[in-house]
Structure formats: structure tokens, C-alpha cells
Amino acid sequence: MNILEVEGVSAAYRKNTVLNDVSFSIPKGSLTGIVGPNGAGKSTLIKVLLELHPKLSGNVYFFGTSLKKVKSKVGYVPQRGSVDWDFPTDALDVVMMGMYGQIGWLKWPKKIHRKKAMEVLDKVGMADFSHHQISELSGGQQQRVFLARALIQDADLYFMDEPLAGVDAATERAIMAILRELKNKGKTVLVVHHDLQTVEDYFDRVLFLNRTVVAHGNTSSTFTTQNIEKAYGGSVRWLKEGIGIVGTHLQ
Amino acid sequence: MTYTGWILLTASLVGISSGIVGVFLILRRMAMMADAISHTVLLGIVTAYLVTKSLSGFHMLVGAAIAGIVTTFLVQWLHSKGVQQDASIGVVFTTLFALGVILIATKVGNAHLDVQHALMGEIAFIPWNTMEVPFLGKIPIATFILGIVLILVVTVIGLFYKEWKLTTFDPALAASLGIPVLAMHYIFMTLVSITTVASFDAVGAIMVVAMLITPAASAYLWTDKLLVMIGLSAFFGVVSAWIGYYFALWIDTSISGSMAFATGVIFLISFLFSPKHGMLSNWLKPQAGKS
């Protein structure tokens with residue numbers, strides 16, 4: 001069964017079309033990397049799917065139905081830069097925010113929520129920082145807190161916007177270990193990713209996006225030089241054919 | 001209660017309500033919206049008077065609340081159509097304020113509404129303008145209204161505390177969890193409008209901006225916890241009101257002016273001496289590191 005079905009979705013910022021006729025479907029238990037050049041509409045795509053940005057046309061089905069009915073099954077990790085890290089709160093509190101939907105209206109978080117948040121913080125290796133103000137954390141630590149906040153939602157489908165951007169190597173390994181664990185538990189994860197070098201190691205499926213879907217499928221068959229060049233506009237410099245990219249050159 | 005007691009109580013109620021609302025204004029980076037709404041409520045008050053021909057505080061409260069919502073809506077709408085946020089605030093509030101001034105000057109200029117009073121407030125007259133309230137007896141109308149507004153502010157913020165926190169910190173996550181972010185934005189702006197107009201009689205529309213922004217900005221420098229920040233902000237509001245009152249008595253000057261000035265003094269002290277973010281501790285820290 002397909003967890004996510006996207007049919008002919010288009011979206012725009014003011015008058016600039018950012019996404020045009022985007023269609024794809026995501027099978028259950030897959031770990032998909034969404035890659036594409038800057039301005040390809042990767043973040044916008046996630047926002048449109050989650051109805052945080054209006055779509056102009058097309059249909060999106062979550063678990064075969066509309067998002068509204070299955071909101072609690074869908075988790076979202078926004079870009080780290082999208083929030084104010086000087087906000088007066090600590091790591092534990094941020095993680096608990098992931099449970100606000102479950103706690104429900106008019107209720108305050110209880111001890112049991114605190115305990116659960118502590119467990120998840122421990123899982124991402126941040127238990128010692130639970131009472132640190134969030135601006136005192138490094139970029140990698142902030143990203144771990146964000147991930148913990150998503151894990152605590154206990155969703156079946158996760159959208160993550162650049163969770164590996166600007167994090168240290170240890171955090172990158174820790175995050176990927178958790179994403180693989182999610183996949184092994186049968187959860188479905190979509191990750192906006194910027195580093196073409198690691199795509200083959202990290203994801204079992206890849207979606208090339210540049211305003212529309214350039215290519216989509218299993219990493220082994222889809223992550224080809226040809227598709228990369230198609231998505232990135234042609235002039236990608238390869239160090240060794242098929243192994244690593246030292247940089248991308250856009251006209 | 002004594003004359004002074006009523007004035008201090010009234011000003012303290014302004015300080016607490018504004019202090020609580022102000023924290024979220026600052027954290028949502030909407031300090032300018034407080035300035036805008038403090039001006040456009042004038043239009044709401046004049047319109048309420050024109051419609052009802054009454055100077056009753058409750059009519060004005062409703063008129064001001066509507067004006068606040070209209071302001072918020074117009075700013076939001078212009079912004080969504082491509083006008084920059086600060087520009088759209090500037091355009092909307094000056095235009096609506098000017099409309100209020102025009103209406104006051106033509107139709108009701110001879111009535112009891114005047115711009116001076118609305119903008120500066122006159123707290124000294126409050127204790128004489130009383131009403132009969134069951135169980136409480138004779139209390140000043142402004143004090144009574146401010147008491148109700150405080151209960152409203154505490155209830156609305158308290159009941160939806162975690163929703164306010166999340167929509168302020170991370171609106172995208174809030175929306176993905178199904179919290180109506182835009183609706184909460186309007187509810188919050190309504191709270192700001194109501195707090196502003198209720199404070200009109202006490203400190204005036206301009207001075208309420210000081211009460212909304214400055215104690216919250218000071219509190220932000222002292223703590224890393226949202227609840228503590230809210231408490232401190234309300235506390236600073238009350239302290240400013242008291243210091244301002246006695247300072248005004250001492251050198252015989254404007255009470256609301258002194259209160260607003262006192263908020264500035266508290267901010268300056270916080271800015272210099274707060275242990276976490278103060279100038280002094282920032283200056284001392286590298287020295288301590290060296291030794």
C-alpha cells in the first residue's frame with residue numbers, strides 16, 4: 001500500500017511557479033531522499049503536502065485519505081533555521097511540544113509527558129542537556145532536539161527538512177541510525193537532503209526534484225549520473241565516475 | 001479604599017495585563033503591532049460613540065476590539081499581497097488613526113471625546129468616575145473594566161498556554177499538529193486591542209505601548225523560562241506603575257508619563273545588570289575566563 005500519493009501538485013509564491021505537476025507515490029516502510037538544486041522547491045513541496053502552503057492544483061492522499069483525518073500519524077521536522085533559538089525554553093520543553101497534539105486542548109503537560117520526553121532525549125543522546133536553554137546548544141544538538149520532538153509524536157510518516165544540514169559528523173551518524181531504525185519498524189520517512197555524496201549510503205529511494213519530479217525510484221537504479229545531470233542542469237563535475245561529486249556547477 | 005489606593009490598583013492592573021500580553025508580543029516579534037493597535041483603537045472608540053451615542057466603557061471596549069481585529073486583518077492581507085510587513089503596518093495604522101482624528105474633529109469634537117485624553121490618559125480622575133457593582137460596592141469604572149480584562153487575559157492565556165507557546169515558537173509545527181495558527185493570531189490581537197483600550201483611561205493609548213513592550217523586554221533579559229518571564233514582566237509592570245506614581249507626585253508631573261518612564265528605567269537596569277544577558281556580566285565574563 002502507498003502511504004503517500006501525490007497527483008499533479010502545483011504551487012507558487014506570489015506569481016512565481018515553484019512546483020509544477022508534481023506526481024509520485026511513496027510505499028510503506030521506505031526511506032526516501034529528496035534531492036535537487038537550490039530553489040528546486042524541496043522545502044516548498046513538504047510545506048504544500050502538509051498544507052502549510054497553499055497548492056494551486058492537484059491531489060494529495062495520506063494513507064489513502066485526506067491529511068485532516070490522519071494528522072496524528074504524520075510527523076514534521078522543520079528546518080532548524082525556521083525558529084528563534086533565543087526563545088525562553090529548554091530542550092526538554094521543546095521535545096514535549098511534539099506531544100501537544102496528543103495532550104489535547106485545555107490541558108497542561110503532566111509528569112508522564114515529562115518522563116516520556118526525557119526518554120526520547122536520552123535516545124538521541126541529549127539527556128544531559130534537558131535543562132539547557134536551547135540557544136546554548138550547538139547546531140547538531142539543536143537538530144537532535146528537533147528529531148526527538150518528532151520521534152515523540154510516534155507518527156507513521158515523517159517529513160524532515162534538511163535534518164543533516166550543518167550538523168557535526170557524530171550527529172549525522174546518530175540521526176541516520178535513528179532514521180534506519182524508524183524504517184526497520186515499518187515507518188515511512190521522507191528527507192530533504194543536500195549532500196549528493198551520501199545519498200547512496202543513506203536512502204533506499206531517491207526523488208530528484210527540480211520544480212517537477214525529474215526522476216524517482218530505488219536508489220540503486222535511479223541515482224545515476226544521467227538523472228543527476230538532468231536535475232542539476234547538466235554541468236555536474238564528477239571526481240570519479242559514479243562515486244563522488246566534488247561540487248555542482250550551475251549555469 | 002483611598003484615592004491613592006484606587007489609582008495604584010488601577011495602574012497595577014494595567015501593568016499586569018499588559019505585562020502578560022506583552023511577553024507574547026515580544027516573542028512573536030510584533031512589538032510594532034502594539035503601536036499600531038494603540039492608535040487604531042481611537043477609530044474604534046469614535047465609531048462606537050457615533051453608533052451608540054454613548055460614552056460607556058463597554059461599548060468602547062467592543063469598538064476598540066473590532067478596530068484591533070480590522071487592523072490585524074488589513075496588515076495581514078496587505079502583507080499576503082506582497083507589501084512588506086513593516087510597511088503594511090505603517091500604512092494601515094496611520095490611515096485608520098487619521099480617519100479617527102477626522103471623525104473626532106468633525107462630529108464629536110464638542111462631546112467629551114478628545115484626542116489629548118485618549119492618547120495621554122488621565123489617571124488622576126479615575127477614582128471619581130464610579131459605578132455600583134454587586135458585592136464590591138462603589139468602584140471606579142476604569143478599575144472594574146481593567147479587572148475584567150485581566151481575568152479575561154489570564155483565562156485565555158492560561159487555558160491555551162501550551163498552544164500560545166507553540167504557535168509563538170514554531171508556527172509550522174503547530175499547524176502540522178492541527179492547531180489553528182491564524183485563528184490564534186487573531187484571538188491574540190483581540191486580546192492586545194482589549195488590553196489597550198481598557199488601559200486608555202488609565203495611562204492613555206501611547207503610554208500603554210510602553211507598558212506592553214518595555215516590562216516584557218526587561219523580563220526577557222532576566223530568565224530563560226517562559227512562565228518566569230511572564231511573571232517578571234507583570235511584576236515589572238506593577239513596579240513601574242508604583243514608582244511612576246510616586247515620582248509624579250514628588251516632582252508634580254504627568255503620572256502616565258512617569259509610569260512609562262519608569263518602565264524605561266527598569267529596562268536600563270536590566271540591560272546593564274542582568275546576570276545572563278546584561279552588559280556588565282558580558283563585560284566581566286571574558287575577564288573571569290582569563291584569570
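## Nonpolar cores

In this predicted model, the largest nonpolar core has 132 residues. The residues with the most contacts inside this core are A:Met160, A:Leu179, A:Phe208, B:Leu25, B:Phe188 and B:Met259. Helix H10 of chain B, residues 200–222, gives the core its largest share, 13 residues.

Apart from neighbours within four places in sequence, B:Phe188 is in contact with B:Val21, B:Phe24, B:Leu25, B:Arg28, B:Met30 and B:Trp164. One of these, B:Leu25, is also listed with B:Phe188 among the residues with the most contacts inside the largest core.

## Chain B

Chain B contains 13 helices and 2 strands. Its radius of gyration is 20 Å, close to the 19 Å that the globule rule gives for 291 residues, so chain B is as compact as a globular protein of that length. Along the principal axes, the C-alpha atoms of chain B fill a box of roughly 70 × 50 × 35 Å. Of the 291 residues in chain B, 53% are buried. When contacts in chain B between residues at least 6 apart in sequence are considered, 72% of them join residues at least 24 apart.

The accessible surface of chain B is about 12,800 Å², and carbon and sulfur atoms account for 73% of that area. Chain B carries 12 positive and 10 negative side chains. The centres of these two sets of charges lie 11 Å apart.

## Chain A

Chain A contains 9 helices and 11 strands. A compact globule of 251 residues would have a radius of gyration near 18 Å, and the 18 Å of chain A agrees with this. The box filled by the C-alpha atoms of chain A is roughly 55 × 40 × 35 Å along the principal axes. Buried residues make up 53% of the 251 residues in chain A. Of the contacts in chain A between residues at least 6 apart in sequence, 65% join residues at least 24 apart.

For chain A the accessible surface is about 11,300 Å², with 48% belonging to carbon and sulfur atoms. Chain A has 30 positive and 25 negative side chains. Here the centres of the positive and negative sets lie 6 Å apart.

## A contact between the chains

B:Ser176 belongs to helix H8 of chain B, which covers residues 171–176. With a relative accessibility of 5%, below the 20% cut-off, B:Ser176 counts as buried.

## Positive phi angles in chain A

A:Phe63 sits in the loop between strand E4 (57–62) and strand E5 (74–77) of chain A. Its phi is near 50 degrees, which is a positive value in a residue other than glycine. A:Phe63 has 15% relative accessibility and so counts as buried.

A:Arg211 lies in another loop of chain A, between strand E8 (205–210) and strand E9 (212–218). A:Arg211 is not a glycine either, and its phi is positive, at about 70 degrees. The relative accessible area of A:Arg211 is 40%, so this residue is partly exposed.

Notes:
Residues are numbered from 1 along each chain as its sequence is written. Chains are lettered from A and ligands numbered from 1 in the order in which they are written. This is a predicted model: local features need pLDDT of at least 70, side-chain atom pairs count only at pLDDT 80 or more; totals for chains, interfaces and linings use all residues. Side-chain values use heavy atoms; hydrogens and water are left out. A nonpolar core is a set of buried Ala, Val, Leu, Ile, Met, Phe, Trp, Tyr and Cys residues joined through side-chain atoms within 4.5 Å. Buried means under 20% relative accessible area, exposed over 50%, partly exposed in between (1.4 Å probe, protein chains only). Helices (H or I, at least four residues) and strands (E, at least two) are DSSP runs, numbered from the N terminus. Contact means heavy atoms within 4.5 Å. The radius of gyration is taken over C-alpha atoms; the globule rule is 2.2 Å times the number of residues to the power 0.38. Accessible areas come from the Shrake-Rupley method with a 1.4 Å probe; for residues, only the protein chains shown count as cover. Lys and Arg count as positive and Asp and Glu as negative; His and the chain ends are not counted. The place of a charge is taken as NZ of Lys, CZ of Arg, CG of Asp or CD of Glu.
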